[in-house]
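Subject: Structure for your review

Dear colleague,

Please find below the structure that I am handing over to you.

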Amino acid sequence: MEREKLEVDVLFVGAGPASLASALHLSRLIREHNEAVESGAKSGGKLSDPTLLVIEKGREIGSHALSGAVIDPRAFDELLEGFDGEEPPYDSPVDDDALYILSKNKSFRSPVTPPPLKNHGYYVASLGKIVKWLAALCEKNGIDVFPEFPAVELLYEGDSVVGVRMGDKGIDKNGNPKPNVEPGMDVLAKLTVLGEGPRGTLTLQAERRFRLNEGRHPQIYALGVKEIWRAARKIQPGVVYHTLGFPLGTQEFGGGFVYTMKDNLINLGFVVGLDYENPRLDGHQIFQQFKTHPFIREMLKGGEVLSYGAKAIPEGGYYSMPRVYADGLLIVGDSGGFMNAQRLKGIHLAVKSGMLAAETLFEALLQEDYSQVVLQSYADRFERSWAKKELWKVRNFRQAFQRGFWSGMFHAGLQFLTNGRGIKDPFPTLPGHTQMKPFKEYFRETDVKPEKMVFDGQLTFDKLTDVYYSNTAHEEDQPCHLKILDFDICNNRCSNEYGNPCQHFCPAHVYEMVGQDNQLRLQLNFSNCVHCKTCDIMDPYQIIVWTPPEGGGGPDYKNM
Ligand code: SF4
């Protein structure tokens with residue numbers, strides 16, 4: 001197929017906070033440089049309007065960014081220094097924060113909020129609104145921002161990245177061209193920045209090709225499942241509660257959160273570490289159980305659910321970050337593991353990583369050298385930054401919880417006293433999927449029926465109802481974007497060994513075992529997929545490969 005080609009100077013893949021902040025900061029550096037050269041304050045030549053392009057696979061900018069985040073404003077304050085009068089559309093300053101310990105029926109407010117969970121001076125915000133505002137600011141500053149552009153492949157010249165290939169449109173589910181077939185274009189760029197979010201498709205390609213994980217620890221992920229509600233009564237915005245305990249036991253890592261916003265909106269969710277042992281663990285069901293606790297039930301009484309979503313979170317921290325540069329390539333935000341699991345915050349680190357990347361991109365454009373000789377200074381900039389200092393203090397935090405809650409608390413305490421060092425530094429890390437135990441080993445019996453929760457449709461919802469609230473849609477007549485490398489393993493080996501955990505860990509009912517008792521086979525309801533990447537991460541055989549579907553597919557989160 002003949003492919004169109006588009007040439008740009010710098011291409012940003014994924015319109016999240018990291019890429020957009022990076023593009024915006026780069027535009028400022030170019031503008032200030034050119035003004036300084038023009039006025040004679042700086043010697044050398046001007047940069048003649050490099051073309052900057054941000055592409056996004058979602059239907060619209062912000063479609064894949066679910067509302068409800070607590071933002072440390074530090075990085076945004078730095079980013080906006082060059083943009084007079086611009087303010088992020090925060091919803092409310094944090095007014096009250098607390099940690100609650102939940103037993104099955106009781107809640108206990110911790111008299112002291114642990115320092116990492118103190119949020120005074122921060123803001124509750126809708127991430128979707130923040131992303132839309134950043135994209136508009138980028139456009140105002142001459143940056144192109146294109147939604148419905150799913151990048152599927154990195155393009156190389158020798159060992160340098162020279163751009164990306166978009167997915168084809170108009171291919172039917174059997175791989176045949178439809179009348180509206182349109183080959184994906186090649187976007188060629190001197191510099192490509194990957195800000196695809198966690199477990200990005202192109203980031204994985206780059207990690208394999210350039211061995212970016214060599215000498216690093218494996219990434220540890222968590223799954224966050226979330227709903228947005230409108231309360232039936234007036235509520236105070238800016239309240240931030242975190243919870244420990246119910247419905248999790250002491251084996252899994254995780255907890256709940258509640259953030260309130262204006263217009264009586266409540267963002268609530270549950271995060272569970274994707275390094276658990278139970279092959280039947282179901283993050284969506286855990287979240288539904290969480291809502292049945294009297295403390296949460298009371299908040300939601302009479303209210304209505306407005307939106308649902310799920311997302312993987314890279315929690316491994318400093319030692320799990322890949323090398324974030326290669327020839328022609330930089331990696332920012334969640335894709336590069338810029339996330340503080342102890343503070344449950346990543347947006348400020350994503351923005352900062354984008355800014356550090358922008359300073360490196362600027363240097364590369366100025367020197368007309370796009371190789372890693374110049375680009376490695378991105379890693380040096382990070383090492384000198386406050387972002388590194390923040391992540392260094394918690395470098396072993398998440399790893400300590402791989403051996404259960406109490407061990408985690410013990411080590412986290414020691415790490416707190418020793419500036420992150422603890423007893424072992426670095427603390428050993430195991431890939432999450434290797435922690436899952438075979439069915440018989442975990443349950444010690446062969447015939448344990450799954451605990452089926454009854455959803456009442458008012459407080460608790462089944463997966464399909466929640467998928468409806470995520471506004472998820474995909475073109476049905478297209479190749480399935482979930483590539484199963486060996487169905488035989490799913491239908492036979494996995495059924496016997498793990499009981500097909502994909503049915504449980506997917507929060508969108510994509511994986512379903514259908515047929516008669518002894519002859520079950522895997523069916524993929526791919527159009528439900530909310531793009532959380534859990535299957536790609538947690539499948540015990542690592543035979544599920546998540547790939548971007550046709551542009552515009554996926555959730556379309558309402559961003560209140
Ligand atoms: Fe998440 Fe995979 Fe299910 Fe899609 S199919 S919702 S990526 S677990």
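The notes below go from the domains to selected strands, helices and residues, and end with the ligand.

Please keep in mind throughout that this is a predicted model.

Domains

The protein chain is divided into four parts: domain 1 (5–86 + 129–216 + 322–392), domain 2 (93–123 + 218–314), domain 3 (397–426) and domain 4 (433–546). Between the C-alpha centres of domain 2 and domain 3 the distance is 23 Å. To the contact between these two, domain 2 contributes 10 residues and domain 3 contributes 9 residues.

The sheet β3-β7-β4

An open sheet is built from 3 strands in the order β3-β7-β4, with antiparallel pairing. The edges are taken by β3 (69–71) and β4 (92–93); each has a single partner strand, so one side of each has no neighbour in the sheet. The antiparallel pairing of β4 with β7 (residues 123–125) runs over 2 bridges. Within this sheet, S92 is found opposite V124 of β7.

Strand β15 and its partners

Why can β15 (residues 239–245) be called largely enclosed by the rest of the structure? The reason is that 5 of its 7 residues are buried. Strand β15 has a parallel pairing with β5 (residues 96–102), which extends over 7 bridges. In that pairing A98 faces Y241 of β15 as its opposite residue. Strand β15 is also joined to β16 (residues 254–261) by 4 bridges, and these two strands run antiparallel. Here T243 stands opposite G256, which belongs to β16.

Helix α3

Helix α3 (residues 127–140) comprises 14 residues. From the first C-alpha of α3 to the last, the span is 20 Å, close to the 20 Å expected at 1.5 Å a residue. The buried residues of α3 are L127, G128, I130, V131, W133, L134, A135, L137 and C138. These buried residues pack against several helices, namely α1 (17–39), α2 (74–79) and α7 (347–367), and against the strands β3, β7 and β8 (144–146). Just after α3 comes G142, whose phi is positive, at about 85°.

Two individual residues

Is the arginine R28 buried or exposed? R28, which lies in helix α1, has a relative accessible area of 13% and is therefore buried, the cut-off being under 20%. Not counting residues up to four places away in sequence, R28 touches E78, L79, E81, G82 and F83.

L464 belongs to helix α14 (residues 463–469). With a relative accessible area of 47%, L464 is partly exposed. When neighbours within four places in sequence are left aside, L464 is in contact with H509 and N528. Between L464 and I220 there are 244 residues of sequence separation, and the C-alpha to C-alpha distance is 28 Å.

The ligand

How many residues surround the ligand, and which are the closest? The ligand is surrounded by 13 residues, and the closest are C506, C529, C532, K533 and C535. By residue class, the shell around the ligand divides into 11 nonpolar, 1 polar and 1 charged.

Yours sincerely

Definitions and conventions: Residues numbered from 1 in each chain as written. Predicted model: local features only at pLDDT ≥ 70, side-chain atom pairs only at ≥ 80, totals over all residues. Heavy atoms only, no water. Pairing = 2+ DSSP bridges. Expected span 1.5 Å × (residues − 1). Buried < 20%, exposed > 50% of the residue type's maximum accessible area, 1.4 Å probe, protein only. Contact = heavy atoms within 4.5 Å. Near = heavy atom within 4 Å. Nonpolar A, V, L, I, M, F, W, Y, C, P; charged D, E, K, R; others polar. Domains from an automatic or database assignment.
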